[in-house]
Amino acid sequence: MQSITVVGGGFAGLSIAMSLQRTAKVGKVTIIDRNPTSGTTKACSYGNAGVMAGYEILGMNQPGMLTKLPFMLSCMGGPVGIRGLQGLPSWGIKYLKASQQHNSDLTMKNLAAVARNAGQSWEDIFTDIGPDAKENFTHQAHILLATDANGIENLRSDNKKREAHGFTSTFYEDQKDLKRLEPVVFASTNRFAAAATWENTWSFTDPSGLLTAMGETIIHNGGTWVHDTVKSISPHTSTVYGNSDTYSSDAIVLAAGWETPLLYPHGAQSLPVIGERGYHIEFPMPDGCEEIVRHSFGWQPGKFFITPMKGRLRAAGLSEWGSSPESPPIQARFEFLEKQVRDLLPHLPPRDASRDWMGTRPTTPDYLPVVSRVPGHPNVFLLCGHGHLGATLSPVTADMLAGMITGVRHHAGIDVEPFSVERF
């Protein structure tokens, strides 16, 4: 195959471009994105929690999640909210089916198969980038916290499910152990009763810097970045139509996040990837975060993660459903996040409201990404729907798709069929 056009320049689009270049089976890779460079995006690849969390194989399609939703929805500024009905009715029917025990178990099984290889795929990207990659990530354990006896029971139950798929953790209930993990956090509150830690995990200290490094590596290896907004595609001729120009190639990869359905040849309703909004806030830490927070950590009731980054501390998460693309962020959600963080770390500096962020995750009803050829169009491919795990799973799913395109399989043990768009 001589040339491929990738629509979308976030982690998914950059990852598939790098994976295709690595196979040496594609002559030319072109990325088209509305941003002028890979590091200037303000979409989810920029605004995520900054964690590579391969252990997080429990989707929101757990059977018990439906019983928890009324409580989580009861507060407008709380962790979960439904703002409208944009795309929700048909997606919701598929979600109910995916939440049945058998289907939820399949989600865990299939996510686990991919997540086991996520670290290796990121290692390949770091190798491609070179020594400068180390400036944008750090190896560190991740921590999940429980606040009371019920939280401990839930955390143990979730860990048992993860362990069944090979993801093991260390459990702590002694307050002395907790304070050794995070001296400042656990010295300032008795709110937490237990913690579980996962090793062999990473945190991204500068998502924009990592995106920039990936884009520069692609260009250095002969790829092209095109600054344009894609309006439509012709699947029969592998042509992409932008505002500024028309782009022809041998194949197209659609990796445009939640907007991918708008370009899907069989219509948006046939690709149930909905926009799920998330938020983050940041606290400036010009002298570094190490003296206050050592690890990325989170807990389920608050539905967010705290991650130390370069010169700042980021709190990211929450879920908002049914919003139209034009809807502004809900300010109460920023305030909810800040209150949760300050309950843990009351002496943080003032939040930098100029860096408040809201973005839209691409989420499928069964919480599995879409890694697929488009039915009836052998030269059009999909890489989208990573939901909360875009930063974790984009490289490994890109390797899967690159194998589908070129015939060079990187992770031979992964069955790609469960990730096909035809499952819907």
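## A buried aromatic pair

At 3% relative accessibility, Trp 198 counts as buried. The model is predicted. Trp 198 sits in strand E8, residues 194-198. Its ring partner is Tyr 55. Tyr 55 lies in the loop between strand E3 (51-52) and helix H3 (65-73). The two residues are 143 residues apart, and the pair links distant parts of the chain.

How is this aromatic pair arranged, with 15° between the planes? The pair of Tyr 55 and Trp 198 is stacked, at 4.4 Å centre to centre. Tyr 55 is buried as well, because its relative accessibility is 2% and the cut-off for buried is under 20%.

## A tilted pair and a ring cluster

Phe 126 and Trp 202 form a second example. Their ring centres are 5.3 Å apart. Their planes meet at 55°, so this pair is tilted. Phe 126 belongs to helix H6, while Trp 202 belongs to strand E9 (residues 202-204). The pair therefore ties together parts 76 residues apart in sequence. Both Phe 126 and Trp 202 are buried.

Phe 126 and Trp 202 are also members of a cluster linked by ring pairs. The structure holds 12 aromatic pairs.

## Charges over rings

Two rings carry a charge over the face. Lys 42 lies over the face of Tyr 46, 4.1 Å from the ring centre. Arg 156 places its charged end over the ring of Phe 171, at 4.0 Å from the centre.

## Helix H6 against helix H12

Two packed helices are described by the angle between their axes and the distance between the axes. Here the helices are H6 (residues 118-129) and H12 (residues 390-406). Their axes come within 8 Å and cross at roughly 80°. H6 is therefore roughly perpendicular to H12, because angles of 65 to 115 degrees fall in that class.

Which residues of H6 and H12 make the contact? From H6 come Ala 118, Ser 121, Trp 122, Asp 124 and Ile 125. From H12 come Ala 391, Thr 392, Leu 393, Pro 395, Val 396 and Asp 399. By class, the contact has 7 nonpolar, 2 polar and 2 charged residues.

Thr 197 is in strand E8. Its relative accessible area is 3%, so Thr 197 is buried. Beyond its neighbours within four places in sequence, Thr 197 contacts His 142, Ile 143, Ser 169, Thr 170, Tyr 172 and Leu 181.

Ala 12 is in helix H1 (residues 11-23). Ala 12 counts as buried at 12% relative accessibility. Not counting residues up to four places away in sequence, Ala 12 touches Ala 255, Leu 383, His 386 and Ser 394. How far apart in space are Ala 12 and Gly 385, C-alpha to C-alpha? The distance is 9.7 Å, though 373 residues separate Ala 12 and Gly 385 in sequence.

Leu 263 is in the loop between strand E14 (251-254) and strand E15 (274-284). With a relative accessible area of 11%, Leu 263 is buried. Leaving out residues up to four places away in sequence, Leu 263 touches Val 7, Val 230, Lys 231, Ser 232, Ile 233 and Leu 254. Leu 263 and Val 230 are 33 residues apart in sequence, and their C-alpha atoms are 8.7 Å apart.

## Positive phi in two loops

Asn 200 has phi near 55°, a positive value in a residue other than glycine. Asn 200 lies in the loop between E8 and E9. Is Asn 200 buried or exposed? Asn 200 is exposed, with a relative accessible area of 73%.

Ser 238 has a positive phi too, about 55°, although Ser 238 is not a glycine. Ser 238 sits in the loop between strand E11 (230-234) and strand E12 (239-242). Ser 238 is buried, with a relative accessible area of 4%.

Glu 417 lies in the segment after H12. Glu 417 counts as exposed at 53% relative accessibility. The C-alpha atoms of Glu 417 and Trp 198 are separated by 29 Å. Along the chain, Glu 417 and Trp 198 are 219 residues apart.

Conventions:
Residues numbered from 1 in each chain as written. Predicted model: local features only at pLDDT ≥ 70, side-chain atom pairs only at ≥ 80, totals over all residues. Heavy atoms only, no water. Axes fitted to C-alpha atoms, helices over the stretch in contact; angles between N-to-C directions. Helix = DSSP H or I, 4+ residues; strand = E, 2+ residues; numbered from the N terminus. Parallel < 35°, antiparallel > 145°, perpendicular 65-115°, else oblique. Contact = heavy atoms within 4.5 Å. Nonpolar A, V, L, I, M, F, W, Y, C, P; charged D, E, K, R; others polar. Phe/Tyr/Trp six-rings, centres within 6.5 Å; stacked < 30°, edge-to-face > 60°. Buried < 20%, exposed > 50% of the residue type's maximum accessible area, 1.4 Å probe, protein only. Lys NZ or Arg CZ within 6 Å of the ring centre and 35° of its normal.
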